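Keep the 3D view open while you read.

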Amino acid sequence: MPPSSPQRSRSRRSLALAALFGLLATLLLYATPADASAALRQHAAARGRFIGTALATGPLASETAYRDLAAAEFNQVTPENALKWDATEPSQGQFSFGGADAIVSFAAQNDQQVHGHTLVWHNQTPGWVQSLGATAMRSAMQNHISQVVGRYASNPAVVSWDVVNEVFDDNGNLRASFWYNTLGQSYIADAFRAARAADPDARLCINDYNTEGINAKSTALYNLVSSLRQQGVPVDCVGFQSHLAIQYGFPGQMQQNLQRFADLGVQVRITELDVRMVMPRDATKDATQATYYRDVVNACLAVTACAGITIWGFTDKYSWVPDTFSGQGAALIYDQSYQRKPAYTAVHDALAGGTVTDTTPPTTPGTPAASGVTVSTATLTWTASTDSGGSGLAGYIVYREQGATDPELGRGTGTSLTLTGLSAATQYQVYVRARDGAGNLSPASATVTFTTATGGGSGGGCSAAGTVQSQWSTGYVVQPVTVTNTGTATINGWTVTFTLPAGHALTGSWNATLTVAGQTVTARSLAYNATLAPGATATFGFQASRPSGDTATPSGYTCAS
Ligand code: XIL
């Protein structure tokens, strides 16, 4: 039956699975042109990612140009300093959230998500914390997390936290910070548990630098995340700071590194991207820098579990780099006058230029007309479909209306198709569906009915029908396939073709010789069952395997003699 009403969903599913391009083609991706004028955040959103910036409270309060670009280009923000311990709890139990609140409300006004950075770090933490004894330090840490995370737990803008930051040293050993020296490694798990308790819905990250590529430090982080998760510690996410420098080279195997973390079941994200250079800046360095930005964005886009990319500020006017790395700078995507640099274009084009899945099917083809009907052939002609989903019209498939499962009779790329191998003296009711480059099938056209000619003395027609005798989740037996001489003369040899769904494989057959080409199986008679008098039948059978959970079975049994 044509898939045109809700109760026909079983037929619709069977049709889709029977299509040669079904499973693989629906995964097919195609390039879509970028809208050059759209902001970074629009392209990122279209890719299901965030593009973020660190925000500094000073210029946010005082500069319109800073505010306008931050709002227009980014859909995620990270307070650069306003949520660090020295800002939020400068003396014990005295909390101050002025700077953080200003950023959170800016983000909420501009439909941006906020990433909280950072709860437990060895830097920018007041002296009073560092001098506490173990018991007092642990409870100060838990209280700090509970107060800071708790303050924003019900604020929908604040969605994630760096719970611990930079717990490894440059060699990949746990950093001998005051946290570690006083509390031992357990402070890490305790911090995550306290954050989960304070906001069960927030995504909780561990964040570090020089972990972007595969190296000793990233492997140490990988092992830590793996073991924390095995112990049930709520680590949801790993942040890769990505403070890069063109004079040091691009991190090796960044995409593979992100992927190995993703394979642990965590979300990954680029959290503090900047690409510095030895000053002065010049066009060659700008161009190299742009390739670094491009390659980081592409590494994230290539990993499904990579949620997005945050740049550590956006204008060279406000960047931590010159203050921290002597003689270096120009690390961001806008210059000091808020002009876009090649790095901006690189980020923009990487976000915009990728791949999109087409989920829009073509329009319904016109009603086919049948002509040139013979004993075993008929030519169908119809008016064309159009496809607006982007992947383009790929062709048409003709189906026979036959109850629960409608077999495919043929396919082609034009608006006319000659069906072959039809049974003689048989009424066919057929319809057409269009297929696009992504494998989407249009609704079924209206049907046309024709009857093949009666077989003459020179031979005659035959028909074939297969019955699924038994099936299980990974396979089935079709027995019998019944071949019937539908003509008026004896036939000496028959050939049955049918369609094997994608991913299925024959594992055995009997009473015929079966060969497979693509998804088409051809079964030829053997000497002892080749000859059939009019009305006589022969049978054969086969067994096949299929992907676990796939419920499809072969269709489109067609006999020729
Ligand atoms: C930096 C800020 O950008 C500076 O303004 C501040 O003076 C020092 O910290 N890794 C981190 C960030 O996790 O918090 C740091 O931010 C940069 C390195």
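Start at Glu80: one of its polar side-chain atoms is 2.4 Å away from an oxygen atom of the ligand. Keep in mind that this is a predicted model. His117 does something you can compare, with a polar side-chain atom 2.6 Å from an oxygen atom of the ligand. Then there's Asn165, where an N or O atom of the side chain lies 2.9 Å from a ligand oxygen.

How much of the ligand does the protein bury? On its own, the ligand exposes 420 Å², and the protein buries 79% of that.

## Who's around it

There are 13 residues around the ligand, and the ones that come nearest are Glu80, Lys84, His117, Glu272 and Trp312. Sort the shell by class and you get six polar, four charged and three nonpolar residues.

## The pocket itself

So where does the ligand sit? It takes up the space of the second largest pocket. That pocket has a volume of about 530 Å³.

Its lining is made of 26 residues, and nearest the pocket's centre you'll find Tyr209, Gln241, His243, Trp320 and Phe325. Two elements, β8 (243-245) and β9 (267-278), each give two or more residues to this lining. Which one gives the most? That's β8, with three residues.

By class, the lining of the second largest pocket splits into 10 polar, nine nonpolar and seven charged residues.

How values were computed
Residues are numbered from 1 along each chain as its sequence is written. This is a predicted model: local features need pLDDT of at least 70, side-chain atom pairs count only at pLDDT 80 or more; totals for chains, interfaces and linings use all residues. Side-chain values use heavy atoms; hydrogens and water are left out. A residue is near a molecule or strand if one of its heavy atoms lies within 4 Å of it. A polar contact is a pair of N or O atoms within 3.5 Å; within protein, one must be able to donate a hydrogen and the other to accept it, and residues adjacent in sequence count only if both atoms are side-chain atoms. Accessible areas come from the Shrake-Rupley method with a 1.4 Å probe; for residues, only the protein chains shown count as cover. On a 1 Å grid over the protein atoms alone, a cavity is a set of points where a 1.4 Å probe fits but cannot get out, and a pocket is an open set with protein on both sides within 12 Å along at least five of seven lines; lining residues have an atom within 4 Å of a point. A molecule sits in a cavity or pocket if more than half of its atoms lie within 2 Å of its grid points. Ala, Val, Leu, Ile, Met, Phe, Trp, Tyr, Cys and Pro count as nonpolar, Asp, Glu, Lys and Arg as charged, and the others, Gly among them, as polar. Grid points are joined across faces, edges and corners, and a volume is the space filled by probe spheres set on the points. Helices (H or I, at least four residues) and strands (E, at least two) are DSSP runs, numbered from the N terminus.
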